[in-house]
Amino acid sequence: MKRRHKRAVLGLALLLAFQSPVRTLAFEPWSNVNGYWISADGKAVVKGALAKGVTISKYQNRAGDINWKQLAKSDVSFVMVRLGYYKDMDPYFKENMSNAESVGLDTGICFYGNATDVKGAEQEARYVLDMVKDYRVSYPIAYDVESQELLNRGATKSQITDQVQAFCKVIEDAGYKAAVLGNSEWLTQHMETKRISYDIWYSRYGMAHTFENRTLWRCTDSGSVPGITGSVCLEFAFEDYRETYPGTGWRTVNGKRYYYKDYRMVKSMTLWIEDQRYLFDEKGNSQTIR
């Protein structure tokens, strides 16, 4: 941390110490102080963190209505939305995606794989693309393969890694950003992580958050944020996805070509693109206009 920021944080700590002797020299864990995120102990800085997010699934929805406006006014800037499993969508997925966009939160996807081979993983990826193509996805589509079924079937580290690579390739070939979600055990004991050429969303509760290719970190599953009833998984981003993941351009999704502007599929309008005028219908299909 730079010296002037150390002084600023210390000065704020001393001020809070005089105001609240119960919380002497401590900050709220996972809060932001002078542009720095404070870790679980209320003192250390989450080095390199750029943004704070949450993962939202049916469990948060069922705990109580989410106040999206309140959430957006907090220090949370992105949401990883649970899609669910292959042909088993989270019942609140569409609602959560629409509500997150309506209040200006960036959104990514959390998908749980249960495929048992590369072909199945590719099929899952195509399913995911069909489900998300009409929504604004500005963070990665993450693949979680922490499946006991895979281990019971005797899948090797190499085979599991091949599945992960296959899923992520289909996602990125369609113009999205892919990531692999895993805890330390799965990433080190059940995958050949050095062979994974995609972002890592590292799940490890507590203080330690470094891992090769880690761009996202799940720090706890018992976080608390304004607008959400009960506990929620807290996430931190270490990459500026607006810089590394373009939101505007042509994408080929499951064989069909669409145009996206600011991560949103263009529909029901005409648009000039590179000196050519296109007409887009209500499903995003396009034709050139002379």
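Hi everyone. Let me start with the lining of the largest pocket: helix H2 (58–63), strand S8 (178–183), strand S10 (214–223) and strand S11 (232–237) each supply at least two of its residues. Please keep in mind throughout that this is a predicted model.

So which residues lie nearest the centre of that pocket? They are Tyr 112, Tyr 205, Arg 218, Asp 221 and Cys 233, out of a lining of 17 residues. By class, the lining divides into six nonpolar, six polar and five charged residues. The volume of this largest pocket comes to about 290 Å³.

Next, the second largest pocket, with about 150 Å³ of space. Its lining is made up of Glu 28, Pro 29, Trp 30, Ser 31, Lys 52, Asp 75, Ser 224, Val 225, Pro 226 and Leu 234. Sorted by class, that gives five nonpolar, two polar and three charged residues.

Now let's turn to charge pairs. As a general point, side chains of opposite charge can pair when their charged atoms come close. How many salt bridges are there in this model? The count is 14, and I'd like to walk you through a few of them.

Take Asp 134 and Lys 267, whose side chains form a salt bridge at 2.9 Å, N to O. Asp 134 sits in the loop between helix H5 (118–132) and strand S7 (141–144), while Lys 267 is in the loop between strand S14 (264–265) and strand S15 (269–273), so this pair ties together parts 133 residues apart in sequence. Asp 134 is partly exposed, at 27% relative accessible area, and Lys 267 is partly exposed too, at 28%.

The loop between H5 and S7 also holds Arg 136. The side chain of Arg 136 meets that of Asp 262 in a salt bridge, 3.1 Å from N to O. Asp 262 belongs to the loop between strand S13 (256–261) and S14, and the two partners are 126 residues apart, which makes this a link between distant parts of the chain. Is Arg 136 buried or exposed? With a relative accessibility of 10%, Arg 136 counts as buried, because the cut-off for buried is under 20%.

One more pair for you: Asp 162 and Arg 195, with a salt bridge of 3.0 Å, N to O. Asp 162 is part of helix H7 (residues 157–173) and Arg 195 is in the loop between helix H8 (184–189) and strand S9 (199–203), so here the parts tied together are 33 residues apart in sequence. Both are partly exposed, Asp 162 with a relative accessible area of 31% and Arg 195 with 34%.

That brings me to H7 itself. This helix has 17 residues and reaches 24 Å from its first C-alpha to its last, close to the 24 Å expected at 1.5 Å a residue. Which of the H7 residues are buried? They are Ile 160, Thr 161, Gln 163, Val 164, Gln 165, Ala 166, Phe 167, Cys 168, Val 170 and Ile 171. Among the elements covering these buried residues are strand S6 (106–112), H5, S7, helix H6 (148–152), S8 and H8. After H7 comes Gly 175, with a positive phi near 95°.

How values were computed. Residues are numbered from 1 along each chain as its sequence is written. This is a predicted model: local features need pLDDT of at least 70, side-chain atom pairs count only at pLDDT 80 or more; totals for chains, interfaces and linings use all residues. Side-chain values use heavy atoms; hydrogens and water are left out. A salt bridge is a side-chain nitrogen of Lys or Arg within 4 Å of a carboxyl oxygen of Asp or Glu. Helices (H or I, at least four residues) and strands (E, at least two) are DSSP runs, numbered from the N terminus. Buried means under 20% relative accessible area, exposed over 50%, partly exposed in between (1.4 Å probe, protein chains only). On a 1 Å grid over the protein atoms alone, a cavity is a set of points where a 1.4 Å probe fits but cannot get out, and a pocket is an open set with protein on both sides within 12 Å along at least five of seven lines; lining residues have an atom within 4 Å of a point. Grid points are joined across faces, edges and corners, and a volume is the space filled by probe spheres set on the points. Ala, Val, Leu, Ile, Met, Phe, Trp, Tyr, Cys and Pro count as nonpolar, Asp, Glu, Lys and Arg as charged, and the others, Gly among them, as polar. The expected span of a helix is 1.5 Å times one less than its number of residues. Contact means heavy atoms within 4.5 Å.
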